[in-house]
Amino acid sequence: MNNLEKVLYDEDTHKCVMFSFDDETYEESFLSVNQYLIVHNGLGILIDPGSEVIFYQLIEAVSKYVDVDNIKYIFYSHQDPDVSGSVLQWAVSTSARFIISNLWVRFLSHYGFMDLARVISLEDCGTKLEFDEEYIEFVPAHFLHSPGNFSVYDSKSKIVFSGDIGAAVVNTITNYKHVTDFDEHKEHLYGFHKRYMGSNKLCRAWVSKIEKLDVNIIAPQHGLIFEHKSVQLFLDWLKDLKCGSDYMDELYS
Ligand SMILES: [Fe+2]
Ligand SMILES: [Fe+2]
């Protein structure tokens, strides 16, 4: 399994790192994934750490940036196995608390994780965690694609960790997985978003939340990150996207 690492933000006591796992041998069957780590004053917040398949490589990679004992929170944008499948391994290896939509708390037991005292369940409206002057905000992203779904905004780095929103299935050999040509990249976005995302109305609701924030990067759980002008190009594309229930007649024909 290949792991590409990229530091997306590094200033004083605050760092954001992207980890990207691909498997060339199983390119057809393994869905490539991005994981993210925020380190603030030596404490770690891990975002969508993924499945058991990548657990050992990821924990080794993460430990280069933060002492594993100092991982304070592990956030799951939603319940999918490529997001939260290794909850049991992380529960055994850290003392972190797990943050997820209240819709999915009890489902974690089916990954073998029973210690609900370690779970912070998010109400639909989301919340903020404050650190000194800065904060991370859990922004509602419901039905994009999961019914109980959140993105995370980091006020210091101005990065939105968007979960499956903005995801694309692309294979890249570069060590910096960012969009360089949005027109070309949107072809990779369309198929996934059309079928997985809830509806245009929901996309617009999420975009209106994100447009109120000061955003430098949108970092999805699959594929390439959006930065500079591709941030607004992506948000504009998403505002106009027809998806999910907009194709109800076709889906139920
Ligand atoms: Fe998902
Ligand atoms: Fe995903």
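Predicted model: local features only at pLDDT ≥ 70, side-chain atom pairs only at ≥ 80, totals over all residues.
1. Asp164 is buried, at a relative accessible area of 2%.

2. Take the iron ion (ligand 1) next. Its protein donors are His78 through NE2, Asp80 through OD, His145 through NE2 and Asp164 through OD. Along the chain the spacing reads H-x1-D-x64-H-x18-D. Asp80 sits in the loop between β5 (71-75) and α2 (81-84), and Asp164 in the loop between β11 (159-163) and α4 (182-196), so this pair ties together parts that are 84 residues apart in sequence. Both Asp80 and Asp164 are buried.

3. The geometry at the iron ion (ligand 1) is irregular. The angles among its 4 donor atoms run from 89 to 175°. Why is this site not tetrahedral? Tetrahedral requires all angles between 85 and 135 degrees, and the range here reaches 175°. Bear in mind that water is not among the atoms, so sites may look incomplete.

4. Which residues hold the iron ion (ligand 2)? The protein donors are Asp82 (OD), Asp164 (OD), Gln221 (OE1) and His222 (NE2). Their distances from the metal are 2.1 to 2.3 Å. This site is irregular too, with angles of 77 to 169° among its 4 donor atoms. The donor residues are spaced D-x81-D-x56-Q-H in sequence. Here the pair of Asp82 and Asp164 links distant parts of the chain. Asp82 is in helix α2, Asp164 is in the loop between β11 and α4, and 82 residues separate them. Is Asp82 buried or exposed? Asp82 is buried, with a relative accessible area of 17%.

5. Now the charged pairs. Side chains of opposite charge can pair when their charged atoms come close. The count comes to 10 salt bridges. Among them is the one between Lys156 and Glu11, at 3.6 Å from N to O. Lys156 lies in the loop between β10 (150-154) and β11, and Glu11 in strand β1 (residues 2-11), so the contact ties together parts that are 145 residues apart in sequence. Lys156 is partly exposed at 23% relative accessible area. Glu11 is partly exposed at 36%.

6. Asp240 and Arg204 also meet in a salt bridge, again 3.6 Å from N to O. Asp240 belongs to helix α6 (residues 229-240) and Arg204 to helix α5 (residues 200-210), so the pair ties together parts that are 36 residues apart in sequence. Asp240 counts as exposed, at 59% relative accessibility. Arg204 is partly exposed, with a relative accessible area of 41%.

7. Helix α6 also supplies Lys239, whose partner Glu211 lies in the loop between α5 and β12 (217-220). These two are 28 residues apart. Lys239 counts as partly exposed at 22% relative accessibility, and Glu211 as partly exposed at 38%. Which residues join in a network here? Glu211, Asp236 and Lys239 are linked by salt bridges.

Terms used
Residues numbered from 1 in each chain as written. Chains lettered and ligands numbered in written order. Heavy atoms only, no water. Donors = N, O, S within 2.8 Å, 3.2 Å for Na, K, Ca; no water. Tetrahedral: all angles 85-135°; square planar, octahedral: opposite > 155°, others 65-115°. Helix = DSSP H or I, 4+ residues; strand = E, 2+ residues; numbered from the N terminus. Buried < 20%, exposed > 50% of the residue type's maximum accessible area, 1.4 Å probe, protein only. Salt bridge = Lys/Arg side-chain N within 4 Å of Asp/Glu carboxyl O.
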